[in-house]
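Keep the view open as you read.

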Amino acid sequence: MTDRTIPVTFVRSAVEIGNSRGVDMAGALRSAGISPALLGDDRARCTPGQVTTLVREFWRLSDDEFFGLGAMPVPRGTFRLICYALITSPDLLTLCRRLTDFAPALPMLPRFTLTVGPSTTRLEAHLDGVQDPHHLMTDFMLLLIHRFTGWLIGKRIKLEVVELPYEQPENAAEYDLIFGAPIQFGHPSAALVLDSKLLPLPIIRDERELDEYLKHSPADLLGRRDYGTTMADQVRRILERGLRGPWPSSEDVAARLSLSPQHVRRLLRDEGTSLGAIKEELLRDAAISALARGDAVDDISARLGFSEPSAFRRAFKRWTGATPAAYQAAP
């Protein structure tokens, strides 16, 4: 299983915010093994492990779990306390209601409102006083709520829609991979909308499991999730077997989807991609992960099926705008 890499735009936003608040983000980048030279090219990507380290360093250096974007600082440890308060909820409905109860006790956090309807339920975050020009905190907060609550009930929470309070960005396609739900931009507030039938689902995790979960936070939020709902995401999951053996042919992919090869190609074309492009994304992500681990270029080249290291280096430069050396351990 190959982790999807994360666009460098997330890292660049975190670095810009940290620098504006006097945080030593150069040191955080070194700890994460991310070369500053990568920040200027939107083609660059980072592994979930690297971004996890960067976020943890940001929290440590700033002592603020909301990246300094809230109306007041959110000291480290606040998320842990909230998790322990939520895990004793009997079910998802009680958990959501408790989120709305935190505002008086924790005024540094956004205020939440819950609207339970006969068919859908809307959990809305009110971001008054939040200065979030890069949308970093908004996205991270919704991601945290969605994935943490899903972990608590032991299954993915299928969202009906995600509402975001800003205009559609250039990397809008990444949001389907994050939430696996229709995204509506330009709303007055941020909200997650889910099926009300999910509300009685019980919380199945205990405090021992939570202790282990928190040791790795936010790694479990940023790591691989097969949430994407597009044809491209379905094809990626099939093609991924090619990283461990023979690459599935277009006929193999179509057969797995119970479609004709022509129909698959047409659907991918409508989404602005192709079988070849998806294969290259898989190779790119596998290569970046291997370089971050410290694997040698020659070994990666052979493992990914390139005829020689020079061919791999050319392909990598085309994918990311940088040489493999820029992705190896940062000094």
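Which residues form one aromatic cluster? They are F306, F312, F316, W319 and Y327. Keep in mind as you look for them that this is a predicted model.

F316 belongs to helix 15 (residues 309-320), while Y327 sits in the segment after helix 15, so the pair ties together parts that are 11 residues apart in sequence. Both F316 and Y327 are buried.

Now widen the view: across the whole structure, a search finds 14 aromatic pairs. One of them joins Y166 and F185, a tilted pair with 5.9 Å from centre to centre and 50° between the planes. Y166 is found in the loop between strand 5 (159-163) and helix 7 (173-179), and F185 in the loop between strand 6 (183-184) and strand 7 (190-195), so this pair links parts that are 19 residues apart in sequence. Y166 is buried, at 6% relative accessibility, and F185 is buried too, with a relative accessible area of 18%.

Next, the cysteines. How many disulfides does the structure hold? The number is 0. Take C96 as an example: the closest cysteine sulfur, in C83, is 14 Å from the sulfur of C96, which is too far for a bond. C96 is buried, with a relative accessible area of 6%. C46 also counts as buried, at 1% relative accessibility.

Methods:
Residues are numbered from 1 along each chain as its sequence is written. This is a predicted model: local features need pLDDT of at least 70, side-chain atom pairs count only at pLDDT 80 or more; totals for chains, interfaces and linings use all residues. Side-chain values use heavy atoms; hydrogens and water are left out. Rings of Phe, Tyr and Trp (its six-membered ring) pair if their centres lie within 6.5 Å; planes under 30 degrees apart count as stacked, over 60 as edge-to-face and the rest as tilted. Helices (H or I, at least four residues) and strands (E, at least two) are DSSP runs, numbered from the N terminus. Buried means under 20% relative accessible area, exposed over 50%, partly exposed in between (1.4 Å probe, protein chains only). A disulfide is a pair of cysteine sulfur atoms within 2.5 Å.
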